[in-house]
Amino acid sequence: MTILALSTSSPALSIALVDGGHVLARHHALIGRGHAEALVPAIAALLGDQRVDSIIVDIGPGSYTGIRIGIAAARALGVAWGVPVHGASALSLVAAQAFAADPLLAETFALIDAGRGHAAGALIRSDLLAPPPAMVTIAPTGVALAGAGAALLPGAAALHLDHPDAAFAGLLPAAALGLPQALYAGD
């Protein structure tokens with residue numbers, strides 16, 4: 001089953017065509033702003049005339065505008081192509097990358113850059129189910145950290161400092177997917 005995965009909740013524009021854990025095509029670039037102008041051309045370039053069976057979209061937490069852009073594009077494409085659209089937490093994508101790098105991890109504290117110098121995060125186990133995010137000001141101790149939000153915490157060292165990467169969406173179990181509705185830190 002081929003899945004188009006989109007992540008626009010962070011400064012990265014991340015798009016991937018995945019089949020389970022296999023990445024068929026990927027575009028992941030740190031663009032800062034301009035997701036609205038860059039997303040559809042990037043999807044067209046990535047897919048060409050290829051069709052997908054479903055869409056997974058990053059629902060946040062993260063940039064308010066970025067989340068809305070990704071969800072709107074995913075829903076529109078889902079209607080146009082007649083395929084289901086699922087939402088996935090940005091924190092699950094960050095955690096999936098950490099577990100892929102170290103399969104022996106039992107859990108990781110996934111952190112995203114929530115904007116304006118704030119980090120949001122949650123403790124995620126290997127089942128990749130993300131609990132509601134919380135704003136974080138101090139790096140949790142005794143657990144592996146992952147994600148760009150770790151760079152905002154004094155003295156924090158992380159397994160990776162990447163933003164949510166759509167290429168890891170194929171590793172998410174069905175239980176980690178939900179409705180394509182925006183999720184904000186503190187919700």
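Helices H1 and H2 are oblique to each other, a class that covers what remains once angles under 35 degrees (roughly parallel), over 145 (roughly antiparallel) and 65 to 115 (roughly perpendicular) are set aside. This is a predicted model, in which local features need pLDDT of at least 70 and side-chain atom pairs count only at pLDDT 80 or more, while totals for chains, interfaces and linings use all residues. Residues are numbered from 1 along each chain as its sequence is written, and side-chain values use heavy atoms, with hydrogens and water left out.

H1, residues 35-47, packs against H2, residues 64-81, at about 40 degrees, with the axes 10 Å apart. The contact, meaning heavy atoms within 4.5 Å, is made by His-35, Ala-36, Leu-39, Ile-43 and Leu-47 of H1 together with Ile-69, Gly-70, Ala-73, Leu-77 and Trp-81 of H2.

Turning to H2 itself, its 18 residues reach 26 Å from first C-alpha to last, close to the 26 Å expected at 1.5 Å a residue, where the expected span is 1.5 Å times one less than the number of residues. After H2 comes Gly-82, with a positive phi near 70 degrees.

Finally, ten of the twelve residues of H3 are buried, so H3 is largely enclosed by the rest of the structure; the cover over them includes strands S1, S4, S5, S6, S7 and S9.

Notes: Axes fitted to C-alpha atoms, helices over the stretch in contact; angles between N-to-C directions. Helix = DSSP H or I, 4+ residues; strand = E, 2+ residues; numbered from the N terminus. Buried < 20%, exposed > 50% of the residue type's maximum accessible area, 1.4 Å probe, protein only.
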